[in-house]
Amino acid sequence: MSYAGHVLSLPRLTSAPFSLLPPQTTAGTLFSTTTANHSPRFTPLKIHNLSLRRPSACSNNHSGGGADGNDGGGGDNGGGGDWWSNFFNFNNKKSPLLLLPFSRNEDSSIIDSILSCKPLLLFFVSASSSITCCLILASFVQAKTKNEENCREIVYEIKGGRRIELELDNSKDEFILPKTMWSRLLFNPNSFSSGSGYVSNLWMQCKELTMNLLLPEGFPESVTSDYLEYSIWRGVQGVAAQISGVLATQALLYAVGLGKGAIPTAAAVNWVLKDGIGYLSKILLSNYGRHFDVNPKSWRLFADLLENAAYGLEILTPAFPHLFVPIGAVAGAGRSAASLIQAATRSCFYAGFAAQRNFAEVIAKGEAQGMVSKGVGIMLGIALANCTRSSTSLALASFGVITWIHMFCNLKSYQSIQLRTLNPYRASLVFSEYLLSGLVPSVKEVNDEEPVFPAALLNRKAAHESSQTQTEVLSVNAKQAAARIVQRLQLGSKLSDVATSREDVLALFELYKNEGYILTEQEGRFCIVLKESSSPQDMLKSLFHVNYLYWLEKNAGIKSSSVANDCRPGGRLQISLEYVEREFNHVKNDGEVAGWVIDSLIARPLPNRIRLGYAAVSSVAEG
């Protein structure tokens, strides 16, 4: 028998027909035999053109007869035949090995011999089956583990706004805090060799430490939404302010003569005089503290302008060393006044940021942020001062750039603040829009509309609103009404200025006997007379009354006549007071839903009050 030009023969064996290893080959032969009368039990596959086909089958290979079988007992139909031959019989049409995509040449006799090695093929089948079972079992275990994790109870420890998942300690049957990087470092020194995981943990711990030091506990839930933006801009402006301070200090030192070998005592005296005169401004300005509550944004920006002007004067002192004390005193006064205003208005901002009434913590974290800004600013300022040295022109040029950055960051930080308290302008915007549309505008809309310098720009800003993009709720009419009302408002008027006759006085007392204020219009101004017992809530109610009077004037055409006529039934003041008593609680509830602190009015009334005694009440009853 020949196969691909080679003589093939099989020996008559008394053991298994094939050894565990492929038989050795010689030149021209693959196997040797002594008898050609016996056909081999296994016929190798003959492969042509990438296809598998069987040679002519010999029926006597499977025809029983145990005498000729190697193991005795015949073939397929014989009793006790060779199970190896039965499993790997390629003449069987159901052989699974025929499905394998073997690709080989006709002369590849080594692959033929490997294919004829039945134990090797059995190993491949067993290995593939085992791998498949392992994969199925692994997927089952993974799915079961995930299901158990989803079903297990998770316990968190909540501290402020932070939520930490606790780990279950089965040995003690209790929940414990997970180990942090610091505890692992203390109790496991080998953790330094953990590579990228260590770096990742170190970064997370540093980030957490920074947030704990610079941000209030429970951030961001413990503060309002505008806190982060304000803090970022304030940090940048703090760096710029400190750089300007370093440049100014260097200029003062050159001006006092320390760089030229001046007498230290004389320099110290001049320095003390400069600071001593500057401290007087802080004492005098403290009398105007109430103004800072009403318009904190405008006063804070004014303080920043004043501070930069003081820095500019100090940088100019080397050019006029003989005027060191006067220039230094003026600059010191400006800086002292600026620091007072900044401290006063800072409290207003921080009080608004404290969403959970955590005033002290917000202030403490704000101071920590300021110290970081100052530290960075000092380092940058020293580096810049080494470049400018005693050159006044170069110092002024650097100061101009730093001042521009400083003021820009200040403006952006104040625009990001959303004050929730009501001053006369914000309250007028809210009330005017409510009277026009029945809606209370949001905190952000009103704060975006409020100008930084309201006194000078209110009229001009309202005049150009028709050409600007409309907001969601605020209308042009509401903005114009608020601007006009603030200009015409006089809170804390004298009674003698609004009522000149006894009839007018008695009519006003009778109409407002249950209110904490008296409102009337005098020479185009809305005059509010406050009673001695009036509260901030009464002032807020009186301002709502003023807004309704303005609405009657503009939309209903009801003008003011005499005070006595306006107080009679059907009169202007009597109609408006009935409406205010009916609607004021409604606008308060809507304002609280919108996020406003609507329990009081932040205003600066004149120090005039009236007290209604028994004689006044009796005279009213007689009239």
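The model is predicted, so local features need pLDDT of at least 70 and side-chain atom pairs count only at pLDDT 80 or more, while totals for chains, interfaces and linings use all residues. Residues are numbered from 1 along each chain as its sequence is written, and side-chain values use heavy atoms, with hydrogens and water left out.

Let us start with charged partners. The structure holds 13 salt bridges, a salt bridge being a side-chain nitrogen of Lys or Arg within 4 Å of a carboxyl oxygen of Asp or Glu. One of them joins Arg 488 to Glu 521, with the closest N and O atoms 3.0 Å apart. Arg 488 sits in helix α16 (residues 476-488) and Glu 521 in strand β10 (residues 517-522), so this pair ties together parts that are 33 residues apart in sequence. Helices (H or I, at least four residues) and strands (E, at least two) are DSSP runs, numbered from the N terminus.

Are these two partners buried or exposed? Arg 488 is buried, at a relative accessible area of 10%, and Glu 521 also counts as buried, at 15%. Here, buried means under 20% relative accessible area, exposed means over 50%, and partly exposed lies in between (1.4 Å probe, protein chains only).

Now look at Glu 503 and Arg 568, whose closest N and O atoms are 3.4 Å apart in another salt bridge. Glu 503 belongs to helix α18 (residues 502-511), and Arg 568 to the loop between α20 (563-567) and α21 (572-593), so the pair links distant parts of the chain, 65 residues apart. Glu 503 is partly exposed at 49% relative accessibility, and Arg 568 is partly exposed at 40%.

A further salt bridge brings together the side chains of Glu 532 and Arg 611, at 2.6 Å from N to O. Each partner is in a loop: Glu 532 between β11 (525-531) and α19 (536-556), Arg 611 between β12 (609-610) and α22 (614-622), with 79 residues separating the two. Glu 532 is partly exposed at 46%, whereas Arg 611 is exposed at 64%. Salt bridges can also share partners: Arg 488, Glu 521, Glu 553 and Arg 572 are joined this way into one network.

Finally, find Ser 244 in helix α6 (residues 227-256). Ser 244 counts as buried, with 1% relative accessibility. Which residues does Ser 244 touch, not counting residues up to four places away in sequence? They are Tyr 311, Phe 399 and Ile 402, where contact means heavy atoms within 4.5 Å.
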